[in-house]
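Reader: I am new to this structure. Please show me how to read its features one by one.

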Amino acid sequence: MAVIYQAVYRRASSLFCRLHSTYVRKMRYLNELKEDDSLCRQAQTSGTFYLFHNLSPFLQEVGKKYLVPQLSAAEMKRILEKFKETEQWIEKSVLIGCSDEHVPQFALDLGWDELLFGALEKSVIESELKGSFTDLRKALFVVDGKDSPFLASAQSLLRWHDSHQYCSKTGQPTQKNVAGSKRVCHASGITYYPQMSPVVITLVSDGSRCLLARQPSYPRGMYTALSGFCDVGENVEETVRREVAEEVGLEVESLWYSASQHWPFPSSCLMIACHALVRAQQAEISMNSLELEEAHWFGLEEIMEGLKREPRSSKQDDGSFLPWFPPKQAIAHQLICEWVKQQTS
């Protein structure tokens, strides 16, 4: 029996090492592409491309599924030649990852309208490739879960390049490296790197209920956890306490970290998800109407019903909406599910 156990253990250990080595090699290869312009330019000739048009990703509807096609370098060349466009378009692409087999993956926005690159017409591309450019807010919730992070990071990087074409100190144009991992102002020598804004998202509980809120801009009936940007100089704990105090007038007694998620809205945020506990005896909500439209305590049964409810089914005959919560792709959904699990365990 011991011999069998040792054999299984060795095989499991060997598999773990191979998986780890694959990941390490992959990360180091991506780093080389970011640092070596010549190597990255060569990779563009064998890589695959996610297409965007004015920051909307290209999707193909197959049956009831939405797919995110990756076009080969040869297919990109064919399309550009067909539309009589120069292959300089490829230089506008940004590196967003690579497969385990080291096939590099790029994102390219064909809707940019600059002096050297006139935007390609959206409808013509859609007709040629038999798909459609879809608003990212919709795309993230209809594509397969593994594709959502790629689309989110790709759009964020493309948006960052679009908004950082000039140096904030000299006003001179900045130049992107081939991978798109940075931009340089040669007049000042300043190097700019893509950044994310830290945001805390907090599910507040009084022990038996959780607090969810909504802003006027949210879809009708949708409630979610409290969130807010970190102020300069704040740590995560200070931001959680301040946001809860500002938005609903409650004082946090204790808090703990759950997880994090990149979120492309409003402009590339790092969502830092936390749970916070307030005293049940001091749980009266004093809502800040400048920040929120509504804020309520929800019991376990209400939460479980809301998790089952689809947005389209929340509207009632009198025109009002029953509460529903963010879909599973959003980290707020994870926070709510964690709270339910804690309440039922």
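Reader: In which strand does Cys-210 lie?

Author: First, the ground rules. This is a predicted model, where local features need pLDDT of at least 70, side-chain atom pairs count only at pLDDT 80 or more, and totals for chains, interfaces and linings use all residues. Residues are numbered from 1 along each chain as its sequence is written, and side-chain values use heavy atoms, with hydrogens and water left out. Helices (H or I, at least four residues) and strands (E, at least two) are DSSP runs, numbered from the N terminus. Cys-210 lies in strand β12, residues 210-214.

Reader: Is Cys-210 buried or exposed?

Author: Buried means under 20% relative accessible area, exposed over 50%, and partly exposed in between (1.4 Å probe, protein chains only). Cys-210 has 0% relative accessibility, so it counts as buried.

Reader: Which residues is Cys-210 in contact with?

Author: Contact means heavy atoms within 4.5 Å. Leave aside neighbours within four places in sequence. Then the contacts of Cys-210 include Leu-203, His-296, Phe-298 and Trp-339.

Reader: What is the order of the strands in the open sheet?

Author: Two strands pair if DSSP finds at least two bridges between them. Here three strands form an open sheet, in the order β8-β9-β10, with antiparallel pairing. β8 (175-176) and β10 (190-192) stand at the edges with a single partner strand each, so one side of each has no neighbour in the sheet. Strand β9 (residues 183-185) is joined to β10 by three bridges. Val-184 stands opposite Thr-191 in β10.

Reader: How many salt bridges does the count come to?

Author: Side chains of opposite charge can pair when their charged atoms come close. A salt bridge is a side-chain nitrogen of Lys or Arg within 4 Å of a carboxyl oxygen of Asp or Glu. The count comes to 13.

Reader: What does the salt bridge of Arg-242 and Asp-231 tie together?

Author: Their side chains meet at 3.5 Å, N to O. Arg-242 lies in helix α7 (residues 236-248) and Asp-231 in the loop between β13 (226-229) and α7, so the pair ties together parts 11 residues apart in sequence. Arg-242 is buried at 17%, and Asp-231 is partly exposed at 41%. Arg-242 also forms a salt bridge with Glu-234, with the closest N and O atoms 2.5 Å apart.

Reader: Which distant parts of the chain does the pair Arg-279 and Glu-253 link?

Author: The side chains of Arg-279 and Glu-253 meet in a salt bridge of 2.8 Å, N to O. Arg-279 is in the loop between β15 (269-277) and β16 (294-298), and Glu-253 is in the loop between α7 and β14 (254-263), 26 residues apart.
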